[in-house]
Amino acid sequence: MTKSFEDQCLKLLRQIPAVKVTTYREIARKLDSKAYRAVGRAMAKNRNLVVFPCHRVVCSDGKVGGYANGVNQKIQLLKREGVAVIGEKVIAFESVMYQF
């Protein structure tokens with residue numbers, strides 16, 4: 001049985017270490033797609049934020065992007081995991097970027 005695009009996105013989330021972030025684009029690339037917005041929609045539908053840590057997915061320019069529980073909580077979660085964020089932007093983005 002083929003997993004849905006959404007399920008495939010969520011499965012990839014579990015691979016991202018706590019000290020790293022990835023992008024909507026990187027997840028789409030890993031799934032042989034250019035559907036970056038569809039990846040964002042899959043993250044927005046995630047109802048199990050502990051098992052599938054979608055707070056670790058950010059925009060390609062390093063901005064943190066949206067989050068189901070609000071941007072401020074996303075920033076706090078990233079900081080707690082050791083990802084530096086100033087304002088709404090990940091600092092030293094390239095050094096914390098996770099590629100599949």
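Author: Let us begin with a helix pair: H1 and H3 pack at an angle of about 75°, and their axes lie 9 Å apart. Axes here are lines fitted to C-alpha atoms, for helices over the stretch in contact, with angles running from 0 to 180 degrees between N-to-C directions. That makes H1 roughly perpendicular to H3, a label for angles of 65 to 115 degrees.

Reader: Which residues of H1 meet H3?

Author: From H1 they are Phe 5, Glu 6, Cys 9, Leu 10 and Leu 13, and they meet Ala 38, Val 39, Ala 42, Met 43 and Lys 45 of H3; contact means heavy atoms within 4.5 Å. The residues of this contact divide into eight nonpolar, no polar and two charged.

Reader: Before I go on, what sort of model is this?

Author: This is a predicted model, in which local features need pLDDT of at least 70 and side-chain atom pairs count only at pLDDT 80 or more, while totals for chains, interfaces and linings use all residues. Residues are numbered from 1 along each chain as its sequence is written, and side-chain values use heavy atoms, with hydrogens and water left out.

Reader: OK, and how many helices and strands are there?

Author: The protein chain has five helices and four strands, taken as DSSP runs (helices H or I, at least four residues; strands E, at least two) numbered from the N terminus. Read from the N terminus on, their order is α-β-α-α-β-α-β-β-α.

Reader: What about the largest nonpolar core, how many residues has it?

Author: It has 18 residues, and among those with the most contacts inside it are Cys 9, Ile 27 and Val 57. Such a core is a set of buried Ala, Val, Leu, Ile, Met, Phe, Trp, Tyr and Cys residues joined through side-chain atoms within 4.5 Å. Helices H1 (5-13), H2 (24-30) and H3 (36-45) each give two or more residues to this core, and the largest share, four residues, comes from H1.

Reader: Which residues does Val 57 touch, leaving aside its neighbours within four places in sequence?

Author: Val 57 is in contact with several, including Leu 13, Ile 27, Met 43 and Lys 74.

Reader: Switching topic, is Arg 80 buried or exposed?

Author: Arg 80, which lies in helix H4 (residues 71-80), is exposed because its relative accessible area is 66%; buried means under 20%, exposed over 50% and partly exposed in between, with a 1.4 Å probe and protein chains only.

Terms used:
Parallel < 35°, antiparallel > 145°, perpendicular 65-115°, else oblique. Nonpolar A, V, L, I, M, F, W, Y, C, P; charged D, E, K, R; others polar.
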